[in-house]
Amino acid sequence: MNPIRKIACYLILVLLLNCVVQGEMIWLEELLEGQIPSEQNTKSEFEIYRDTMELVWEELIWFPVPLSGTNEQATVAFENSWMAERNYGGKRSHEGTDLMASIDESGYYPVVSITDGVIEQAGWLEKGGWRVGVRSGNGNYYYYAHLASYAGEWETGDPVHAGDLLGYMGDTGYGPEGTTGQFPVHLHLGIYVPLGADQELAVNPYWMLKYLENKKLTYSY
Ligand SMILES: [Zn+2]
């Protein structure tokens, strides 16, 4: 082979190799697209909030106070008192919704679990009285406060299903263990969602309760 042909062959080979490598690079880029986080597919704060809320909405099954099968007068009423001023234990904001009893009788109304989950807390709290805290399947915390009594000897880890009787509505709290009668009979419901490793965010249960208003069990009481 003469030298000019040799050089020509060599150049053609180099060009061909170059084409192959470039083609490979384009193919690699296509493969990696969507795997590497970019500005466009990073979740915005709004999206994180929306997804967090979705994890609450999708697990709501039953309104926490069943209908009475026998007494039409036994109803509950609630309004949006989110962040309203509360003064017991220092000036603070209301982190929940109060379901007020039309019959102001402690121990009369049953309180059921809104969601599936496990018991995380039970026992006395100065502000909450006899309370139950249920950790739902999606990791959210449902706080039921001021109960008159419990439906069982709740222990941490006990499984509960939506609609299971947790206890009875009362007027306990705002003092040392056993304090009653500091306010009318009602159920205080709080909902908290996890935020990072060891933080939580209180969310307004009002709209969730409005949604659950036509999802009531009937209990005989
Ligand atoms: Zn309250």
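1. The largest nonpolar core contains 31 residues, and Val65, Val111, Val132, Tyr144, Leu147, Met169 and Leu187 have the most contacts inside it. A nonpolar core here is a set of buried Ala, Val, Leu, Ile, Met, Phe, Trp, Tyr and Cys residues joined through C-beta atoms within 7 Å. A residue is buried if 20 or more other C-beta atoms lie within 10 Å of its own, exposed if 12 or fewer, and partly exposed in between, with C-beta atoms placed from the backbone. At least two residues of this core come from each of β5 (97–101), β6 (110–112), β7 (117–125), β8 (129–136), β9 (141–150), β11 (165–169) and β12 (186–195). The most is given by β9, with 6 residues.

2. This is a predicted model, in which local features need pLDDT of at least 70 and side-chain atom pairs count only at pLDDT 80 or more, while totals for chains, interfaces and linings use all residues. Residues are numbered from 1 along each chain as its sequence is written.

3. The protein chain has 3 helices and 14 strands. Helices (H or I, at least four residues) and strands (E, at least two) are DSSP runs, numbered from the N terminus. Of its 221 residues, 25% count as buried. Among contacts with a separation of 6 or more, 64% join residues 24 or more positions apart; two residues are in contact if their C-beta atoms, placed from the backbone, lie within 7 Å.

4. Strand β8 is largely enclosed by the rest of the structure, because 8 of its 8 residues are buried. It runs antiparallel to β7, to which 8 bridges join it; two strands pair if DSSP finds at least two bridges between them. The two strands form a hairpin with 3 residues between them, and alanine 122 has valine 132 of β8 as its bridge partner.

5. On the β9 side, β8 pairs in the antiparallel sense over 5 bridges. Arginine 135 stands opposite tyrosine 141 of β9. The hairpin of β8 and β9 has 4 residues between the strands, and glycine 139 takes a positive phi near 90° in it.

6. Leucine 147 touches residues including Val111, Trp130, Val132 and Met169, leaving aside residues up to four places away in sequence.

7. Histidine 188 lies in strand β12 and counts as buried, because it has 23 C-beta neighbours inside 10 Å. Beyond four places in sequence, histidine 188 touches Gly96, Asp98, Gly128, Ala145 and His146. Histidine 188 and glycine 128 are 60 residues apart in sequence, with a C-alpha to C-alpha distance of 8.1 Å.
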